[in-house]
Amino acid sequence: MADTAERAASGAEIQLESVTKRYSGTREPAVSDVTMTIPAGKIVILVGPSGCGKTTTMRMINRLIEPTSGTITIGGEDALSLNADDLRRRIGYAIQQAGLFPHFTVAQNIAVVPGLLGWDRRRIDDRVDEMMELVGLDPAEFRRRYPRQLSGGQQQRVGVARALAADPPVLLMDEPFGAVDPITRGHLQDELLRLQAELRKTIVFVTHDFDEAVKLGDKIAVLGDRSAILQYDTPEAILANPADDTVAGFVGAGASLKQLTLLRVRDVDYRDNAITAGSEESPAALRKRMTDEGRTYALVLDARRRPERWVHVRDLSSATSLAGVGRPVGDSVSTQSTLQDALEAILVEGGNAVVTGGRGEYLGTIDIRTVTDTIQQLRDEHDGGSAAP
């Protein structure tokens, strides 16, 4: 990871000037006269209804779709003047359901672009291991697996690792988390935010989910027909002041509750107040600690301090080992998670949710009182701000 500092500001500014796409035999363009600047090192979300042209707009950046007219520059370089294959190898691309090659192992999938770029075998092997560690997959466990042997969330992680393998300045993401269950989707969103905090790529992300746009975006472009830009601003500004009724429709009801999507778990006072134990501790010793402190539950951690199970004090009276005792930790949240994610996890877990760090290690817990106090504070600030002078 010696070159992490160099990658920290490795994103490139993208400029679209009057970009239009017309298909033969159609009266209206699919995309009409789009002009926008995507700042270097930021996540910009393209959100809009199905068929509005958001995916077409994104794919013109790496010329999977060739624009009919207009100019696109990446880091000041005219993208339309470059060889299209060379351009695509310099831009990461992640799609829904990962799009992995089924006959390639995980390592071979991640190595595709570095191999096309002529990297030597040792450099490729090192990069594959680095990328797998970065997205939370143990190389020793997953390197030789095939996509069919992975869960949907694991496949998406491999897809992101493959897109980042050649260290591109730009990453295009076309609804990459749309095909996984809501809990996995939330974890993948958190993982993307963690990666972005380290890598600072320029990310263009297409979604139809406005909540996802608010959670992930530094800026959001709300698009109408033919990719007309209805509003292009920060999530905070769009939630507070939708530009028109169409944008307000995307925001939907409960805009104040959506403010929970702007706040992260790291922004509130979660606490490291659970009794924790390694699986090697004796049940009798843990039971004594819990009794001495008047605690009902304890959290069992694995060797890497990742939360595994909640154990009730009564589970320990006849247990000879902590292995397998108690109930598995269900939905947890990371410091990158939003308070909305935390609220959902708390409701699933029945009182509080475990907070984990960038590698899944235990940091603390967050409870319903913390979230409701934050909601009340937001409501008070909103009411105070809207009061007549």
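Which strand gives the most to the lining of the second largest pocket?

1. First, some ground rules. This is a predicted model, where local features need pLDDT of at least 70, side-chain atom pairs count only at pLDDT 80 or more, and totals for chains, interfaces and linings use all residues. Residues are numbered from 1 along each chain as its sequence is written, and side-chain values use heavy atoms, with hydrogens and water left out.

2. Back to that question: β6 does, with five residues. Strands here are DSSP runs of E with at least two residues, helices are runs of H or I with at least four, and both are numbered from the N terminus. A pocket is an open set of points on a 1 Å grid over the protein atoms alone, where a 1.4 Å probe fits and protein lies on both sides within 12 Å along at least five of seven lines; lining residues have an atom within 4 Å of a point.

3. The second largest pocket holds about 480 Å³ of space, a volume being the space filled by probe spheres set on the points, which are joined across faces, edges and corners. Its lining has 22 residues, and Arg88, Ile91, Tyr93, Val113 and Arg162 are the closest to its centre. By class, 14 are nonpolar, four polar and four charged. (Ala, Val, Leu, Ile, Met, Phe, Trp, Tyr, Cys and Pro count as nonpolar, Asp, Glu, Lys and Arg as charged, and the others, Gly among them, as polar.)

4. Now look at the largest pocket, with about 1100 Å³ of space. It has 38 lining residues, and Gly136, Arg157, Arg306, Arg359 and Gly360 lie nearest its centre.

5. Next, find the open sheet: six strands in the order β6-β7-β8-β3-β9-β10, with mixed pairing. Two strands pair if DSSP finds at least two bridges between them. β6 and β10 (229-233) are the edge strands, each pairing on one side only.

6. Zoom in on β7 (residues 170-174) and β8 (residues 202-207), which pair in the parallel sense over five bridges. Leu172 stands opposite Val204 in β8. Helix α9 packs on the sheet, touching β3 (43-47), β7 and β8, and its direction makes about 160° with that of β8. Contact means heavy atoms within 4.5 Å; axes are lines fitted to C-alpha atoms, for helices over the stretch in contact, and angles run from 0 to 180 degrees between N-to-C directions.
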